[in-house]
Structures are given as structure tokens and as C-alpha cells.
Amino acid sequence: MSTDKNDMSESTPELKTLQKLDFPIVGIGASAGGLAAFEAFFSAMPADSESGVAFVLVQHLSPDHKSLLVDLVKHYTRMDVYEVVDGMVVQPNCAYIIPPNHDMTFMNGSLQLLEPSAPRGLRLPIDSFFCSLAQDQHERGICIILSGTGSDGTLGLRAIKGQGGMAMAQLPESTKHDGMPRSAIDTGLVDYVLPPVEMPAQLIAYITHAFGKAPRIAASTKPMRDDAPKKICALLRDRTGHDFSQYKENTLHRRIERRMALHQISTPDQYIQFLQNNTAEIDALFRDLLIGVTQFFRDPEVFETLQKQVIPRLFDNKADDSTVRIWVCGCSTGEEAYSIAILLQEYLDNSEQTYHIQIFATDIDKLAIEQARAGVFPASIAADVSPERLTRFFKKDEVQGIYQIQKNTRDLLIFSEQNVIKDPPFSKLDLISCRNLLIYLSGTLQKKLIELFHYALNLNGILFLGTSETVGEFITLFTTLDSKGKLYQRRDDLVSIPHLTMGKLALPLTTDGASVRLLTQAKRTETVPNLRELTEQALLKHYVQTAVLVNRRGDILYIYGRTGRYLEPASGDAMMNILPMAREGLRRELTTTLHRVATHKESVRYDGLRVKTNGDFTAVNLIVQPLVIMDAVARRLFSDLYLVVLEEIPLPLEQGTPEEVASKAQLSSKKERRIAILEQELRAKEEYLQATLEEMQSSNEELTSSNEEIQSINEELQSTNEELETSKEELQSVNEELATVNTELQAKVVDLSRVNNDINNLLAGTGVATLFVDHQLHISRFTPTTTQLIKLIQADIGRPVGHIVSNLIGYTHLVEDIRAVLDTLEIREQEVQTMNGSWYLMRIRPYRTLENIIEGAVIIFVDITERKHLELMLRQQEEKLIAIFDQTVVAISQVDLSGRIHFVNDQQCTTLGYTREELLQRRLQDIIHPEDVPRHQKSFLALASGGPDFHIEIRYCCKDGSTLRVNNSVNGARDKAGSVQSIVVVSIDITQHKQPEKEAQSRRKTGHGKNNTDPNIGRDAS
């Protein structure tokens, strides 16, 4: 049945792999103990209904053995079960099992097999599959982590959750090995923690609610009411203090719908009510919205570019002992921040100069920040970090199977809980890394953050974004260093503007906040409207020779015509502001007029002003009016501009007859005194007003400066607070370590006391006499049995062993033998006898510690008295047997399995004419006649291999060259198991018995001729 299914799936692979799957894919990862979990899981699946789901099982399998998992799983489920072949298309209501010695990925609805890229023991097939499943299926990906050791599957679970999928883990108490489930649960991202038998019901309930019979597709889902997300965001803000209203709408809706599916809630109103009654669910939704798919050196090619092209730039033009400041926004659990720290540490190690590094890593997730501060990561990071970096920058805990960042690298970072949207940013930064955060935010908020990053960076500072992010319309604020890696370099405000206007736009030189904002606005797009054209269009409605375009603060943006008669540079710092540059007679009216127009947004006109110019007066009309902009783009960018028009008019001349003029002079003489008084008062008020205005401007500048200083102080205090918090954590960690060490030492003392008692009882219970001496041959310990050989008491500990009297007979060089052992480190043995007749085997060996250090010698006395008695008895019996064998009339020999002679009796020596020493140097086949050797060896080798005993008639070759015919009885000496250990040969001389036979044969040859030449005739007769 499975063969037909495979054939069907492989017959049209291209068509099916191009179709988008409309059913969920459940990836199940397991290792040690996984078979029992698989059995419980699939046995609990309903047998009377189809789930409409495909299951893919990934287990750690031995690469050298064929897997039987397919056959075993078939016993527990009615679904079709297949072992995956490369390119197999996934179908619902089927289970697919990874084959041995392969990695597997999910791509375009099919399973792709890969050769293992890592050596045995370092493979993470579950992480690899889960990550590919998340990228391909997004919210339709579901992962389940069952029993197993290690942490495989944890990184893949993060990827599944990051794409909106669902995650389950086995209850640790129900596992045989809880390493993998606990590692997954510790992330805080697991949706359900259940025993395997309860998982299928919860899984089907979630799938039914989330996808239904006709699984939902994101594009076809019914839009959520606008007020529902707003209410949910309000609940989140009240609970967490963070506003998600500017979160990307689609992402926010998907996260909310996923949480609704987890709890089988049908409508947003019901979910809002559920949130109001369940604060834990608000926290869970908050964590879901903050899921950060992060890993060490994510996008390795980008980090390689960062290492080679960007890191050296950070130190260019930096003085020795200066500081490089870096901000990592949305650092999550710290992998990316630590990756950058590792690159910086490697650069510093190769640099001849000394620099200080400050890395500020921030996130709004308190749990993630705490995990990042701990610097503890699962063993699965070995897939992302090279072995050299693992050895250099991490400490591995073999017992727990985790890696911890080294302290010198950890000290480079300051982790802080911060909301980048509302909290003050860090400033004077050389590098900002904000990867994969902007993609979750609305366009308006993205623009705000890009402006914020531009402000926070130093000149030529680097902005590092995610591969799916860009600076957008702010391209004029940054220079692109690497478009693929999304690396940008900050441009200077005043340097970048001329490139936009090609010399046609003059902008203010002041650096106050309003001017900076205006400059930033002007650089948002490459198609900035030409301010000259806007000014000229306004002048067409009111023809004048002189006009100035300003903002509400009086900063000059553009000048039209000759303004020297009305404006002059003010003393002090260079600035392009029209108010201090206005000449006498124009300054006060211009100041009040501009303020009125900016406030009321209507034109104001002053006629007949007398402006003092080089000792003379010029009459002008002053008109200030808001700039009306028709173009929508220009109106959005420049909505607060004003046009100052200066119309020159002729001074009034005295007209009429001389009498009329004299009459007017007489009339005016009465008023001159009054006018003089009024002018004096007016002048005094003008001076007072001018002084007040200057004081106000000075106060404003001081307030601006104070604000900047306070912001800088606030940042420094925040940094100091983080450092103090880090120091507090370190002290707390040290205190915990000391407490742990103290507990361990106490446990060691108890263990050592117990071990000491065990050793004393062991040495006393064995009955083996043992003596311990140090390098100076002083006694350090002895067992009670030792006192029977050497006269020792407890007070002798610490005395030289040579001063002690022993009970040994004829052995007086104990000290010399101990020194020889310490010099050569070779073991010495010798049999010694005590005065009471007991025998001991004395063995002297070096005393080695666990570190293989020699700290003295050990003298052991093993009682061999019984063995000595047995040896004596055996020797006596052997002598008796030899005497008996020597008295026999038959020749007896004992040989080994190769035929080497080990014993012969006197009769054998006499018969062959050899001495015993000569025979003991020969083999049995050496004394057999060459013609009889093959026949004898055949039976001999069979006996040596365990065959039967045998009799054979052969000829021996004597020493004098004669031959001797013998009848040999060859018997094997066997042990209890029946194996032949040696061979005994009993030889009877039959030469005399064969002589009549030879004579008879000779007579037959003479009487019957050549027809009777068979040599066996006589032998048969005999």
C-alpha cells in the first residue's frame, strides 16, 4: 500500500509541489525514549475519524542500522506510514518518518533529504526540520517535542512560534529523558505541556478551531473589527505598560487569532472578556507579540561582511584608550548582541591599540533580558557557532549540556529593559543594530525610529538592519555600504543638503531643534520641492524687489533680491536668523509682526518704517504673510513657512509756498518738545524691550543647553544604573557560587570521611598486610595485619621504615628495594618467610595519585603459605612419578601441542641413545623416520585439535643411525572442559617381533618370484 502511495506522489512531483498546501503539518521530534512516546501519542489518536493533518517524525537514529520505526508505528495507527524518500510530496492523514543517516527539510510541500553536514554527535536534525517547516508553512506549522536528551528542537521551536505556529512539549514527568522537553519549556514559548496520551485531543481541538474543515488562508479570513484590536491593545498597555497600537496590523491580527484558536474562542468580544478575567493570558499574548527568532551569527554572509568591512571602520580615527559605543535594539535573548561582541573581541585581540567597548543591548521583554544577562545557551548553538569560537568564548557544562559565555566577553555588554519607541535613546553611538524589529511596526513608526537612529549615531556611524528592512525614503540620511546586508552609514545633516538642492537651496546654519527637524524633513526624499520656485510663485501675486523666506523662528531659508539696506550680520556666533540681522527701525516691528503672523496665520502689514542705513534712513513697507503651498508633497514637508516682503518707498518731501512752510514750522515748534519727550520714552521702552528680548533668547539657549545636558546625564545615569545592576547580579552570582562551593565542600568533607572509613574497613577486612611510606620512606599508614610481619604500633606513623624491626628471615634490604622502586618506578616482587614459618609474596610498587603524581610507595604482603605447601607436595609427587616412570620398561614422552618434547623417562633415552638434555631440545617429529612423519602428523594434529586418542606403528631414528620399530599409544592430557593441554606418548619396542615376519617375507619372495611382492601380506599375517 505504501508503495502505491509513493508511486502516486512521485508521478507528478512538479505539479503537487507547486500547489500551496491547505492542511497543517505537524512535526514531531524525539530522541532517547521517543518510541514509547510515539506509541502513546498515536494510540490516543481517534480511530474513527481522519485528522486532515500530515505528521512528520524526526528522531535521532543510528546511522549504521536500518530503522524499524516505520513498522513499529504502523502497529499504533490506521494512517499510512512511510519512510521518506527524497522529494516525497506530503499528503494529509499520513505519517512520514526520517530515514537513518539523513537530515531532512520541508520545501514547497515536499520532503527533501540531505546528507548529514555535521559529524555524528553534533547533528541537530529536529532543529533543521522545524526551521524549514516554519519558513515554508508559516502559521500552518506545528511542532511537538517528545522525550530525548540534549536541546535539539529548541531553536526550531522559536522559528515555528516566530511564524505564528503552535508548539507542544511532553510533560517532563512522563518522559524517560527530559532534556529536550525541558529545554523547550524553558523558552517560555510552549503552548501546551501535556503527556503524549493527552496531546492528540488537544491538537485536534486546536486544528479544528484554527483551520476548520476548510482550513483558513490569511488572505480569505474575515477582517477583525477595528475596535477589537484597539481594546486588546488597551488591555496590553494597562497590564504591561507597552503600546502595541502601532504594531503592524496583519501581524497583530494573526497573533490574536492564534491565541483565540489555542483557547477555542470564536469571537474577538469573547476573547476580550477572557483577557479581562485572565491576566495570565495577557502576559501570554504579550510574549507571543514579542517572539524573536534569533540565533548566533544569523545570516552568516552578512556577519562576515560586518566583520571585514564594518568593524574596522568603527575604530578608524579612534584614539588609543577611546570608547566604541554600540546599541543593539530588540536584542531578545542576546544571541545577536553576543555575536557582535565576539566579532569585536576578535578584532581587539588582533589590534595593537587599546580600546573600550560598550554594547547596550535592550528589549522590552523582561524575561528575555534576564536570560540574556545569564549568558546561558543550549548545546544546539554548536550548529551556528564554529568549534573555535565555542572553545574560545564559551564554557561548556558537560553535565547539563549547556554553554555559558565567558566573563571577559560578557563584561562588554550592558543589558537593559527599554522601550525604543517611548524611552530616551542612547546617543553618540558608533553602531546601531536593529534587525527584524521594524518589519513588525507600522510605516509611521518605522519613519520615527529611522529619524531616531540618525540622531543617535555619530557622524559616519553604522546602522545595521535586518535583511527584510530598509531605511526607505530616508536614503538621503544614510550612505548604503552593503545593500544585501542592509548596512548603512550616517551622513552629516549639513553636508548632505547641498546634494539635494544642487546649490539652489540655502538652509539655516543654526542647530537648534526646529532647524534640525526641518533639515531632516527636507532630506526625506530625493524629489524635494524647490523653495526658490515656491518663493517666486508667491512673489508673482505681490511684486516686490526684496523678500526673505523664513520659518516661525526667523531662520532664513531663502533670500530674494538685495537685502543689505535692511539686514546686516549680527555680532557673535555666525547665524542666519532674520531677527538679530534686522537693522534699527525694522527689528522691533519685524519681531512682533512675525510672532503675530505665526500665531494667527494671517498677513500683517506695516507701512512707512524708517530703517537706519549707514547714517541715513530708508522708508520701507513691511509685509509678513504665511506661505500658501499648493503642492501636497511640499505642503506636508514645509507647512510652517513665512514670506517677509520689504517694499522700498520714497521719503515724504515738504511741499507748498515759503509762507506755508514757515507757518507749519511755527505750528510744529510747539509740538517738538512734546514729541521729543515721547520719542525719549519710546526709545527707553524699545531698549527695555530689546533687552528683554535678548534676555529671553539667552534664557532659551540656556534652557536648550540644559536640556541637552540633562538628557546626557540621564543617559549616563541609565548606563550607571545598568552597570550597578550588572554588578549587583555579579555579586549575587558570586555569592551563590560561594554558597554552592561551600555546600560542595561540606559534601566533600562528608564524602572524604565516609571514604576514609570505608578504606580503613576495607584494608582491615581484606587481611592483606599493606604498608604505605612517603618519599622520605616515613610510614604514613599500615593495616593491622602488617604488625604480624613488622613490629609496628600506631605511634610509629611518621617514623622511617628502616628503624622498624621486622620478623622476616634472611631479608634485610627492604629500604634499598623501596628506594629502587621510587627511582625506576618499576614494581618489585620477592617471596619472604617469617620467623613462624609463614610465607608471603612481598610486592613493592609506586604510590600514584589521581593526577599521576608519585608520592611514595606501597608495600603489600600476600600470604602464600598454603601455596608454598602445595608446591612442596606437588614437587614431591612429581619426583615420585618420575622415579616410577624411570623404572618402567616402556619409553614414555610428554610433548606439547606443537610436538616439542618436555619430558622423557630413562627408558626412552636408553632406547634411542640420546641424553635427556638432547631430547628435550627436539620435537617428536624429529626422531620419527621421515617416511612415517606424514602419517603420524595427520593423527597427531587431529588429536591436538580435540580429536580422539590413537595407536600407530612407526619407526624411530636412533642416535647411532639405526631405526627402531615401535608401537605408540598417543593420548591427550585434557582439562575439565575436555580441551587437550599436552600429549603423552607411550612407545613399545616391537623390533624383535617383526623379525620373523621379515624372514617369512624374504622366503616368499624367493619361492614365488615377482608376483608376490605385496608388503602387507606378512603384516596381515602377523
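Q: Where does Leu72 lie, and what makes that stretch a helix?
A: Leu72 is in helix 4, residues 69-74. Helices are DSSP runs of H or I with at least four residues, while strands are runs of E with at least two; both are numbered from the N terminus. The model is predicted: local features need pLDDT of at least 70, side-chain atom pairs need 80 or more, and totals for chains, interfaces and linings use all residues. Residues are numbered from 1 along each chain as its sequence is written, and side-chain values use heavy atoms, without hydrogens or water.

Q: Why is Leu72 called partly exposed?
A: Its relative accessibility is 30%. Buried means under 20%, exposed means over 50%, and partly exposed is in between (1.4 Å probe, protein chains only). Leu72 therefore counts as partly exposed.

Q: What makes the phi of Ser332 worth a look?
A: Ser332 is not a glycine, and its phi is positive, near 55°. Most residues other than glycine have a negative phi. Ser332 sits in the loop between strand 11 (323-329) and helix 14 (335-349). Its relative accessible area is 10%, so Ser332 is buried.

Q: What makes strand 1 mostly covered?
A: In strand 1 (residues 25-30), 6 of its 6 residues are buried. In a regular strand the side chains alternate between the two faces of the sheet. Here both faces are covered: Ile25, Gly27 and Gly29 are buried on one side, and Val26, Ile28 and Ala30 on the other.

Q: How many bridges join strand 1 to strand 8, and why does that count as pairing?
A: There are 5 bridges to strand 8 (residues 141-145), and the two strands run parallel. Pairing takes at least two DSSP bridges, so the pair qualifies. Ile25 faces Gly141 of strand 8. Strand 1 is also joined to strand 2 (residues 54-59), by 6 parallel bridges. There, Ile25 has Ala54 as its bridge partner. Strand 2 in turn pairs with strand 5 (residues 94-97) over 4 parallel bridges, with Cys94 as the strand 5 partner of Ala54.

Q: Which strands form the parallel open sheet, and what makes two of them edges?
A: The order of its 7 strands is 3-5-2-1-8-9-10. Strand 3 (80-83) and strand 10 (192-194) each pair on one side only, which puts them at the edges. The twist from one strand to the next averages 20°.

Q: Why are strand 13 and strand 14 edge strands?
A: Their sheet is open and antiparallel, with 3 strands in the order 13-15-14. Strand 13 (376-378) and strand 14 (394-397) each have a single partner strand, so one side of each lacks a neighbour in the sheet. Neighbouring strands are turned by 30° on average, direction ignored. Strand 13 meets strand 15 (residues 402-405) through 3 antiparallel bridges, and Val376 stands opposite Gln404.

Q: Why is Thr613 called buried, and what polar atom lies 2.9 Å from its side chain?
A: Thr613 is in strand 23, residues 604-613. Its relative accessibility is 11%, so Thr613 counts as buried. The backbone oxygen of Arg565 is 2.9 Å from a polar atom of the Thr613 side chain.

Methods. Axes are lines fitted to C-alpha atoms, for helices over the stretch in contact, and angles run from 0 to 180 degrees between N-to-C directions. A polar contact is a pair of N or O atoms within 3.5 Å; within protein, one must be able to donate a hydrogen and the other to accept it, and residues adjacent in sequence count only if both atoms are side-chain atoms.
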